[in-house]
Amino acid sequence: MAAEGQQHPLKIYWIMWGALFVLSAFSYATDFMDRGALRHFLILLFMFAKAGGIVWIFMHMGWERLALKIAILGPPVAIIVLIWLMAYEGLYVQDTRTEYYGESTFEPETPHH
Amino acid sequence: MSEAVAEPQGSAGVVHDWSRDKQVFGMPWGKAMMWFFLLSDTFIFSCFLVGYMKVRISTTDPWPNPSEVFGLTVFGQSVPLLLIAIMTFVLITSSGTMALAVNMGYRKDRKKTFWLMVATAALGATFVGMQAFEWTKLIMEGVRPWENPFGAAQFGASFFMITGFHGMHVSAGVIYLLVVAFRVRSGFYEKRGGKYEIVEIAGLYWHFVDLVWVFIFAFFYLW
């Protein structure tokens, strides 16, 4: 199949398209929630659902051979290490700043439109 | 056959190695190369987003609330993130038209492919236009890469860097799609064996731009 290109019934694209609209609406709806664990969980849930749908269906990754799946989806896993390192480092920097410079005295303006 | 063939050395060897006609991925090389380009782009955008995470964690100043900063007042009512939500839907719509264009391309329906790609490009241009509006609005409110009145200075740097780089990708995509669309219409690919995998390759790039926006929307605007 790969040699002749990716040809699939149109129906699957319509379903995916609709799902993306619904998931985007859900994503946007999280902005009306208070910040907290539930909100962050839902943001990530809808984000990965959308990203998965785009890669698997629209970019046809689901129909590609395993060799390509591994070559493309494998390396980004390393980013998890970078995220962990930078989060760790960031918390440390914040601690040192608070200790040596003290708490922030910044007085933010409220955005007006 | 059992005897080992002597391989050329030096510059002739370089040519030999690069043209030995072995391939791993059973697909047009352009498509495989687009996938590798997108993989490298994934790392670039990841570095931006991780950098943003790091400065947001490490700053002691309060982080500006994106729902307020990007809110719009409509009919006297303040709606959070309104423009960004519309931009998200514009990009999702363009993703759908692109997916259909790829399908029509493989069916060799040149007319439909052309119009679907033009529609995709038009939606992409709309997105960039709205982003220009958003940038203008924020700059007029005093947001700079080094300071802003709403909170931590790093907000501006992250915002202009991340959305700017994404906007540049969308702009490049609009040009890319239009070039391919007009070549589809003019019959350029008919002269080259009538293969329309180029539409799928352009589509991969476009879906990737949409994919990056999903992450930016989640981490920068919603988090």
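Visitor: Which way is the crossing of α5(B) and α6(B), left-handed or right-handed?
Guide: In this predicted model, α5(B) crosses α6(B) in a left-handed way.

Visitor: And at what angle do those two pack?
Guide: About 160°, with the axes 9 Å apart. Helix α5 of chain B covers residues 110-140, and helix α6 of chain B covers residues 154-186.

Visitor: Why call α5(B) and α6(B) roughly antiparallel?
Guide: Angles over 145 degrees count as roughly antiparallel. The pair packs at about 160°, so α5(B) and α6(B) are roughly antiparallel to each other.

Visitor: Which residues meet there?
Guide: From α5(B) you get, among them, Phe114(B), Met117(B), Ala121(B), Gly124(B) and Val128(B). The α6(B) side includes Gly167(B), Val170(B), Val174(B), Leu177(B) and Ala181(B). By class, the contact of α5(B) with α6(B) has 14 nonpolar, eight polar and two charged residues.

Visitor: OK, what about α2(B) and α6(B), how do they pack?
Guide: Their angle is about 170° and their axes are 10 Å apart. α2(B) and α6(B) are therefore roughly antiparallel to each other. On the α2(B) side the contact is made by Phe48(B), Leu49(B), Tyr52(B), Val55(B) and Arg56(B). Facing them, α6(B) supplies Gln154(B), Ser158(B), Met161(B), Ile162(B) and Phe165(B). That contact of α2(B) with α6(B) splits into seven nonpolar, two polar and one charged.

Visitor: Switching to the interface: how many residues does each chain put into the contact?
Guide: Chain B puts in 52 residues and chain A puts in 50. On the chain B side, the elements giving two or more residues are α2 (29-58), α3 (66-69), β1 (72-74), α4 (82-106) and α7 (197-222).

Visitor: Which of those gives the largest share?
Guide: That's α7(B), with eleven residues. As for class, the side of chain B that touches chain A has 30 nonpolar, 15 polar and seven charged residues.

Visitor: So how does α7(B) pack with α2(A)?
Guide: Helix α2 of chain A, residues 37-58, packs with α7(B) at about 175°, axes 10 Å apart. Therefore α2(A) and α7(B) are roughly antiparallel to each other.

Visitor: Who's touching whom in that one?
Guide: α2(A) brings Ile43(A), Met47(A), Lys50(A), Ala51(A), Ile54(A), Val55(A) and Phe58(A). They meet His207(B), Asp210(B), Leu211(B), Val214(B), Phe215(B), Ala218(B) and Leu222(B) of α7(B). In the contact of α2(A) with α7(B), eleven residues are nonpolar, one is polar and two are charged.

Visitor: How is chain A divided into domains?
Guide: Domain 1 of chain A is 1-64 and domain 2 is 71-100. Taken over C-alpha atoms, the centres of these two domains of chain A are 26 Å apart.

How values were computed. Residues numbered from 1 in each chain as written. Chains lettered and ligands numbered in written order. Predicted model: local features only at pLDDT ≥ 70, side-chain atom pairs only at ≥ 80, totals over all residues. Contact = placed C-beta atoms within 7 Å. Helix = DSSP H or I, 4+ residues; strand = E, 2+ residues; numbered from the N terminus. Nonpolar A, V, L, I, M, F, W, Y, C, P; charged D, E, K, R; others polar. Domains from an automatic or database assignment. Axes fitted to C-alpha atoms, helices over the stretch in contact; angles between N-to-C directions. Parallel < 35°, antiparallel > 145°, perpendicular 65-115°, else oblique. Left-handed = near helix turned anticlockwise from the far one by under 90°.
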